[in-house]
Amino acid sequence: MRLVMIGSGYVGLVSGACFADFGHSVVCVDKVEDKVESLRKGLIPIFEPGLDALVASNAKAGRLSFSTDLAAAVRDADAVFIAVGTPSRRGDGHADLSYVYAAAREIARAVTGFTVIVTKSTVPVGTGDEVERIMREENPQADIEVVSNPEFLREGAAISDFKRPDRVVIGTVEPRAIEVMKDVYRPLSLNEAPLMFCERRTSELIKYAGNAFLAMKITFINEIADLCERVGADVQKVAKGIGLDKRIGDKFLHAGPGYGGSCFPKDTLALAKTAQDHDSPMRLVEATVAINDNRKRAMARKVIAAGGGDVRGKKVAVLGLTFKPNTDDMRESPSIAIIQALQDNGAVISAYDPEGMEAAKSVIDGVVYATSPYDAADGADVLVLVTEWDAFRALDFARLKTLMNAPLLVDLRNVYPPQEVMRHGFEYHSVGRKSGG
Ligand code: NAD
């Protein structure tokens, strides 16, 4: 099949490369010329494990190409996927749909023959109706069906998530569109991926309901962690104890510094706004958003308390800047607010991240970027583990102790068993567990 991805970011590029790997012929379009130029040279603008090899092999096989020319790419396509960004709109938190609508107009002018237009971007319920209205207004002759097909991949595990999904949700009841979408995803059927067809609005809402539920689950265990600290309980064991109950499940029960990233913060906010607009407020989601916002600065206060109540003039070394490991994505990373709050309190920050430092430089000012965890820790009064990269899971504490001003670790991801850190003479603070040293 001939497929086109509009937008070659995390979702468009990964989906496009995976579709090509399934044997489809795919053009990934982006309006940023530098990005397309790099991709043509085999340079991948994002860090995603395995993506460079997947792109290289499919480009070499002639199944995957890159273009800035949307009209030419769309002309003969069977299906066009809109995978552009839907960030929070400044001011009110609604999803900014201007990129989606602009893409829809451009696509409408270019399509020939029957074409399925697939919204892969995360868009509020009802957006498909508006995309369809815009396209029919722009080109009344166009033979199109507009389908919702939200993406559930996770950065850092995006390729395996795409190729072995828990489910593929497809929002359309139109028989012609159903046939095309079945063909698009047919290669997955070997892995028995459950294709779930439903109405377009239902599909759009599934994506938001899913993300909001996961965000709520994280926020729930974070609040349990706070209570554990007050009452002397261990959140890791509480999480295990409840997670073994199959009705609850053990995923997304890791206490930490609050969720971040390019999806949960904006999607929870957008869902809360949609619900308010429809006079059906979702107080659980609103509370989740507010609690998570507060949590990031609260983590900075935790670091300050661990450092004796005052970090003015002290050096705080931060390990991990991206919102989670195995990505270079800095969008809404908790590290941003934590570092800002520490700087507000007079701390001097050194930081190290295996992949995120280039992206971090454009969002975090006044930080000394180090070349390794040990370089960051050199002369530090406090070491703070913010993102649980593998590279931080077996730190050489003996070496750190000789480098640091004071042996103090604040582990916001509960990476270490407390005894293991403390036996090296470190004072150790984590989340939802007893501190000691
Ligand atoms: P991104 O910012 O990485 O990529 C979007 C790309 O679209 C950019 O490269 C931009 O230049 C391009 N673009 C914008 N308008 C265009 C146009 N008119 N023509 C061509 N290209 C255009 O965004 P992303 O992280 O890939 O997210 C895309 C969508 O997928 C969002 O709605 C997001 O919520 C959703 N989503 C993201 C993830 C994730 O993990 N990143 C997971 C699931 C769903």
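The shell around the ligand comprises 13 nonpolar, 9 polar and 5 charged residues. Here Ala, Val, Leu, Ile, Met, Phe, Trp, Tyr, Cys and Pro count as nonpolar, Asp, Glu, Lys and Arg as charged, and the others, Gly among them, as polar. The model is predicted: local features need pLDDT of at least 70, side-chain atom pairs count only at pLDDT 80 or more, and totals for chains, interfaces and linings use all residues. Numbering starts from 1 along each chain as its sequence is written.

Of the 27 residues around the ligand, the nearest are Gly7, Gly9, Val11, Ser121 and Thr122. A residue is near a molecule or strand if its C-beta atom, placed from the backbone, lies within 6 Å of it. Helices α1 (10-21) and α5 (98-110) each contribute at least two residues to this shell. Helices (H or I, at least four residues) and strands (E, at least two) are DSSP runs, numbered from the N terminus.

Strand β9 (residues 315-319) is largely enclosed by the rest of the structure, because 5 of its 5 residues are buried. Buried means that 20 or more other C-beta atoms, placed from the backbone, lie within 10 Å of the residue's own. Lys315, Ala317 and Leu319 point one way from β9, while Val316 and Val318 point the other way. In a regular strand, side chains alternate between the two faces of the sheet.

β9 pairs in parallel with strand β10 (residues 348-352) over 5 bridges; pairing requires at least two DSSP bridges between two strands. Leu319 has Tyr352 of β10 as its bridge partner. Strand β12 (residues 382-385) also runs parallel to β9, joined by 4 bridges. In β12, Leu383 stands opposite Ala317.

Methods: A residue is buried if 20 or more other C-beta atoms lie within 10 Å of its own, exposed if 12 or fewer, and partly exposed in between; C-beta atoms are placed from the backbone.
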